[in-house]
Amino acid sequence: MIDKIFFINHQWLWQTVITTLCIWLVFIWKERTKLRKKSFYVNCTISLIALLSLALIALKPSVKNSSTSFKLAIITNGYNNVQLDSLKKVYKKLTVYSYKENQALFPSYKHPETLFILGDGLQPYDLWQLDAINTIYIGGDAPKGISHFAYNTQNTVGNKALFSGKYVRPIKGHKLLLEDPAGKALDSIILNNDDSQEFQLSTNLKVKGAFVYQLVEKDSVDNIIKKDPLPLTIKEKQPLHFLIVNASPSFETKYLKNYLAEAGHKVLVRSRLTKDRYKYEYFNMENKPTIRFTQEELKTFDIVIIDLLSLTGLSNNAKNAFETSIKADGLGVFIQPESNLFNSRSRWYSFNFISNTKNTTSLEISPKNTISKFPFVFKNDISVESVLNDNSNIISGYKRVGIGRIGTSVLKNTFELQLKGKTEIYKQLWAITIESIGKKETPIIEWNSNLKIAYVNEPFSFELRATIENPIVTTKNYQIPIKRDIDIKDLWKGVTYPKSTGWNILQNNQDTTKIFKFYTINNSHWQTLKANNTIKSNKRYFGTNKPYVDTNNSTSKPINPLWFFIIFVLNLGYLWLVPKL
Amino acid sequence: MSTKGKDILIKFTKQWRLTLGLEVFLYSLGASICVCFLSHSFILSFIAFVLIGGIASFVVKPWKPNIKSSSSFLDNQIDSLEYSTGLLLLPWNGHSSLAKLQQLKISKKVKEAVKEIKPPHHLKRASIFTLLLIGLGFVLNQFSIVDYFNSSPKPETNGDSIIFKANDSISNLGEAPKLVEQWVTIRYPQYTNIPVQRASKMDIKALESSQLNWEIQFDSQIDNVVMQNMDNEYQMRLNKASYIWNTTLSNSGFYNFKFEDLQGNSYSSDLYAIEVFKDAAPTIKLQGLNQFTSFNYDENKIVEFKTTIVDDFGVADAYIIATVSKGSGESVKFREEKLNFDNSLKKGAKDTTLSKKINLDNMNMEPGDELYFYIEAKDFKTPKSNTARSETYFAVIRDTTSYEFGVEGTLGVDRMPDYFRSQRQLIIDTERLIENKKTLTKEDFNFTSNELGFDQKSLRLKYGAFMGEESEMAIANQENAEFAQHEIEYDPNDPLAGYKHDHDSENEHNLVEDKTAKKEADNPLEEYMHNHDDPEKATLFEESLRIKLKKALNEMWDAELYLRLYEPEKSLQYQYKALKYIQEIKNSARIYVHRIGFDPPPIKEDKRLTGKLEEVKSFRKNETITQEELFPFMRLAILELEDFKTNNTLFTEESIKVFEKAGNELSALAVEFPSKYLTTLQQLRWIIDGSQRNKETFVEVQKGLLMAIPRPNNNPSKTTSPVNEINQLLLKELDIHDR
């Protein structure tokens with residue numbers, strides 16, 4: 001029995017015992033006149049009992065309750081009543097709590113033996129409370145609405161923003177519309193009657209800045225059912241620095257350089273006139289370097305477009321400089337194809353091709369147009385990454401060399417597209433190719449977050465990649481503690497709790513220009529998506545955590561201090577009354 | 001008695017006329033009431049009355065019935081009158097007694113008959129028609145259907161008046177100054193002769209460089225009246241009680257007014273459009289003339305044409321610029337003249353027709369000379385008039401003296417004499433001769449046939465020349481000569497033969513045996529010689545050709561024979577055969593060259609690029625051809641609006657500047673597509689003025705601006721990707737295993 005009692009305030013045990021003894025000794029000393037009398041021993045005993053009960057009030061003794069039948073069910077959003085009823089049928093003494101976010105699930109002294117979660121589940125930030133409890137996640141009905149949604153919150157002017165998602169149990173005839181910040185519909189889709197429907201909406205981004213697009217669901221008579229915000233930060237285009245090296249002039253280069261220069265890029269074209277004589281063309285450039293292919297010179301360029309003859313004609317030094325530039329500085333190289341390229345083997349720049357009888361292709365980006373090509377396609381190697389595809393064939397691709405990329409294409413005379421008036425497709429084709437091959441900028445600070453949207457007063461976790469030492473992150477004048485990743489030195493993680501809706505800003509104190517804008521909404525938006533994420537995190541959490549068998553699963557109950565107080569009062573009453581009698 | 005009968009007839013006639021007149025009246029009354037209902041205009045209904053009355057009376061002809069037609073009508077209608085009403089019209093005295101009796105009888109009967117019968121009429125029809133018309137007019141008026149077709153039946157004077165809005169919504173509570181008068185005066189440039197226009201409508205459409213004058217007057221005293229025009233503000237002058245501003249129109253755009261009352265509240269008006277149109281250049285149309293005319297030198301060389309010149313504000317001047325070119329090649333000379341039209345131009349006429357007769361002889365033109373001319377017209381536009389030019393027209397006097405070079409068949413040399421007729425020509429002529437045989441006299445026929453025979457002979461000789469035959473004559477002469485020599489040499493009658501020391505003969509001394517003939521026969525070089533003298537050995541053509549040519553010549557012989565025998569019908573078949581052979585020869589003589597591409601001579605690899613390059617220099621070119629982003633301020637404004645929309649940010653001077661510049665960019669677009677962007681421009685104005693700064697306006701303006709910004713081009717951009725140690729390590733590992 002004794003082992004079942006313990007003190008809640010056991011940390012004060014010794015102090016209490018000593019104090020009690022001292023007070024008792026004072027009492028004995030005070031009673032010394034009655035020594036050798038029977039009453040002396042009685043009084044001493046009575047006073048000890050009174051003092052002990054006083055001490056026990058302070059120590060709060062508790063009795064361990066080993067009754068094992070306590071079971072708890074927590075109902076959360078979207079729970080199913082039938083499930084709850086059947087649980088109740090099995091466990092007659094089932095206690096049911098409803099879940100309140102960000103609050104204790106149950107009193108700390110009451111540890112349920114088994115806990116059932118019904119419905120979507122607990123918010124990820126509340127899950128820690130169940131670390132030590134045997135929990136069974138039952139779940140509920142799959143929520144109706146948009147369960148998955150993905151898009152790039154950071155985009156660039158002129159790019160196509162894609163918004164793709166999945167709608168669970170759509171209502172036939174309802175429409176999903178993508179609206180711009182001013183409420184103009186940009187793209188739409190009509191929902192059908194399936195169990196779930198995948199959709200994709202897109203628009204071309206026109207203006208830079210931070211905007212809130214909207215995803216609107218309307219019924220068949222255009223009543224707005226739901227309106228969810230889509231925050232989007234749109235950046236300006238960054239011009240690239242091109243070097244085009246040609247052994248002989250070609251129409252392909254001529255059209256390409258015009259397109260690039262008109263688009264505002266810095267373009268240096270070196271075309272050979274004859275042996276050791278070159279024609280240099282500088283577009284949108286202030287300084288006019290002569291190119292001798294040293295690593296230092298190549299560092300300034302983002303992408304080198306070179307024909308095969310020039311590439312093979314490079315001196316050994318130049319070739320080495322080239323290779324190091326690609327490997328170490330991340331230079332992108334695009335080799336303008338010609339028939340020799342497909343036969344040359346085992347060079348540092350070569351690719352594997354498979355011959356293909358077709359002389360034209362229609363790309364996936366514009367299936368209606370045919371473009372002439374060499375009768376080859378890329379061999380689908382593991383090292384080749386595709387840029388442009390025709391069905392399953394890779395038409396343009398690149399491989400990584402160090403941190404740089406070397407790419408080429410089997411397309412021939414793409415300028416014909418311009419002559420045919422398909423300028424848009426020509427531009428699209430080259431924009432995709434160049435963007436994927438070109439040098440990637442390594443930002444000093446890069447912000448990132450898995451959550452696209454933050455909720456008010458809920459944790460918003462973010463990542464920060466910074467090459468600077470000990471970055472300091474602040475928001476609205478208070479600092480957010482960040483934690484360095486254990487493996488990756490420049491990755492830092494932090495959590496913030498945004499207080500207001502709308503755009504919130506995180507900024508780095510060392511470089512205040514590098515700010516991170518994230519959009520905060522209240523709980524009324526994106527409910528299905530949130531519910532779905534909750535289900536996922538709950539499943540993950542309770543799926544990996546093996547049912548926790550608590551060896552010490554009894555609950556303890558403190559003894560009501562009133563009992564001790566009554567004993568104390570009775571004893572003191574005796575001590576007070578006896579001399580009077 | 002008779003007069004009484006006649007009177008009855010006259011009365012009947014009058015009644016008839018009256019009925020018809022009533023009919024006409026009913027028609028026109030119905031029409032005019034209908035028009036009155038529709039148009040609410042008495043003038044129009046009166047016009048309709050007169051017009052329909054005229055038409056109806058023309059159709060009904062109420063003046064037509066006369067006494068005679070009445071009498072014949074009555075005769076036709078009533079049998080008892082016995083066709084004798086005509087008697088009533090005649091004088092009593094002239095009748096026979098029987099006639100008098102009949103007249104008396106009839107005049108009685110007429111009296112009764114007239115009571116029964118009414119003159120023919122369609123009064124019923126006319127009244128129904130009238131009632132219908134009135135009903136229709138009433139119904140249309142009741143449902144005001146006409147208003148659908150008539151956009152503004154009553155010009156609303158209030159609609160045009162400028163409405164000022166307080167820029168600060170609170171000040172609306174106070175008494176706003178009211179507009180009393182608004183006028184815009186358009187003074188067209190002097191030359192247009194358009195009178196000064198004064199209107200209260202503020203949307204202006206006027207000619208470029210017109211003078212505009214605005215006057216606005218208010219009931220109470222106000223301050224700081226400005227006219228805002230795109231990017232400028234003009235302070236209006238106070239003149240007496242009204243505010244004035246003048247300007248000269250230069251380009252289209254929009255404007256509005258703004259003023260402040262004495263409490264300092266500012267008010268601004270809606271936007272009004274100024275549409276400027278330009279004085280168009282005259283258009284010139286030429287009639288009755290081909291672009292290219294040519295004359296023979298003996299013709300009447302007159303170029304005659306009419307031209308119509310049209311200009312929107314009148315033609316100031318029109319003339320012809322003519323250029324005569326003489327000579328050809330390097331010695332060509334030009335002479336330019338300005339010609340006036342034959343009838344004088346009426347200056348200022350908007351549409352004028354002018355004519356001109358140009359006599360090329362008066363222009364000092366000779367055969368071979370060319371005349372180019374065009375018409376130039378000017379209008380009155382100041383300071384620089386619009387000039388229009390017609391197309392250029394050509395007139396040429398043919399030069400027949402020039403020699404035209406012709407090449408026959410495949411021969412590269414022009415060897416054909418002028419008189420030479422080809423075989424085909426001969427066939428044509430022969431056929432024509434056969435055709436005309438009936439019409440020609442026998443002499444003529446024979447003569448022509450003989451002539452053709454001669455031509456056939458010439459042709460034969462010509463082709464014979466290719467065979468190596470010198471000519472028939474030459475052959476004949478040669479034969480004669482030989483014969484003559486032979487005669488000389490062997491003339492048995494020559495008495496001097498025995499005495500003369502014959503130096504003239506080739507073998508004068510008879511030193512050698514005369515083996516000439518024999519030598520020639522076995523000349524060893526003969527096989528190698530290129531002997532053209534002997535037609536049998538001429539090698540101008542290869543063997544088969546020679547045979548063909550010979551055949552052709554034989555046919556020609558026969559053809560000539562029958563022509564000379566005046567039997568062209570028989571000759572024709574030989575001519576055709578000859579033609580066939582000649583064609584074959586021509587075709588076989590053609591050389592067909594296979595078309596091949598340029599095949600450059602091969603260059604040795606080691607010789608390539610070994611030329612001297614001192615003169616070849618590297619070349620540098622520097623260009624900046626970045627295309628500027630369109631509408632930068634509209635983009636900025638969109639971003640600013642996003643901010644204003646969500647947060648209650650205060651307006652700063654900078655943002656207002658941005659909006660103003662965005663407004664300028666948009667107004668350029670709005671001039672082109674007013675229906676699309678004018679509302680947005682107006683709302684943008686309100687935002688700038690501060691009269692409507694609320695979320696709805698921000699959203700609307702943002703929507704409009706976003707719509708106005710064109711779709712961006714595809715353009716690659718620098719992308720970012722983080723580089724970290726783990727990634728790099730992975731890549732390194734991959735690289736190692738790749739090898």
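How many residues of chain B are in contact with chain A, and how many residues of chain A do they meet? The legends below start with that contact; the model shown is predicted.

**Figure 1. The contact between chain B and chain A.** In this predicted model, 44 residues of chain B are in contact with 55 residues of chain A. On the chain B side, the elements that give two or more residues are the strands β22 (619-623) and β23 (719-720), together with the helices α14 (632-646), α17 (695-708) and α18 (725-738). Sorted by class, this side of chain B has 17 nonpolar, 16 polar and 11 charged residues.

Figure 2. Strand β17 of chain A, residues 277-283, is joined to β22(B) by 5 bridges. The two strands run parallel. Within this pair, E281(A) has K621(B) as its bridge partner. In general, strands of a sheet pair through backbone hydrogen bonds, and the pairing is either parallel or antiparallel.

**Figure 3. An open sheet in chain A.** The sheet has 5 strands in the order β29-β36-β35-β31-β32. Its pairing is mixed. At the edges lie β29 (453-455) and β32 (478-480) of chain A, each of which pairs on one side only. From one strand to the next, the twist averages 40 degrees.

**Figure 4. One strand pair of that sheet.** Strand β31 of chain A, residues 473-475, pairs with β32(A) in the antiparallel sense. The pair is held over 3 bridges. One residue to look for is T474(A), whose bridge partner in β32(A) is Q479(A).

**Figure 5. Chain B as a whole.** Chain B has 739 residues, and buried residues make up 24% of them. Its secondary structure comes to 18 helices and 23 strands. Of the contacts in chain B with a separation of 6 or more, 67% are between residues 24 or more positions apart.

**Figure 6. Helices α8 and α9 of chain B.** Two packed helices are described by the angle between their axes and the distance between the axes. The axes of α8 (residues 423-435) and α9 (residues 442-467) of chain B come within 11 Å and cross at roughly 170 degrees. Angles over 145 degrees count as roughly antiparallel, so α8(B) and α9(B) are roughly antiparallel to each other. From α8(B), the residues Q423(B), L426(B), D429(B), T430(B) and L433(B) take part in the contact. They meet T448(B), S449(B), L452(B), D455(B), Q456(B) and L459(B) in α9(B). By class, this contact has 4 nonpolar, 5 polar and 2 charged residues.

Technical notes
Residues are numbered from 1 along each chain as its sequence is written. Chains are lettered from A and ligands numbered from 1 in the order in which they are written. This is a predicted model: local features need pLDDT of at least 70, side-chain atom pairs count only at pLDDT 80 or more; totals for chains, interfaces and linings use all residues. Two strands pair if DSSP finds at least two bridges between them. Helices (H or I, at least four residues) and strands (E, at least two) are DSSP runs, numbered from the N terminus. Axes are lines fitted to C-alpha atoms, for helices over the stretch in contact, and angles run from 0 to 180 degrees between N-to-C directions. Two residues are in contact if their C-beta atoms, placed from the backbone, lie within 7 Å. Ala, Val, Leu, Ile, Met, Phe, Trp, Tyr, Cys and Pro count as nonpolar, Asp, Glu, Lys and Arg as charged, and the others, Gly among them, as polar. A residue is buried if 20 or more other C-beta atoms lie within 10 Å of its own, exposed if 12 or fewer, and partly exposed in between; C-beta atoms are placed from the backbone. Angles under 35 degrees count as roughly parallel, over 145 as roughly antiparallel, 65 to 115 as roughly perpendicular and the rest as oblique.
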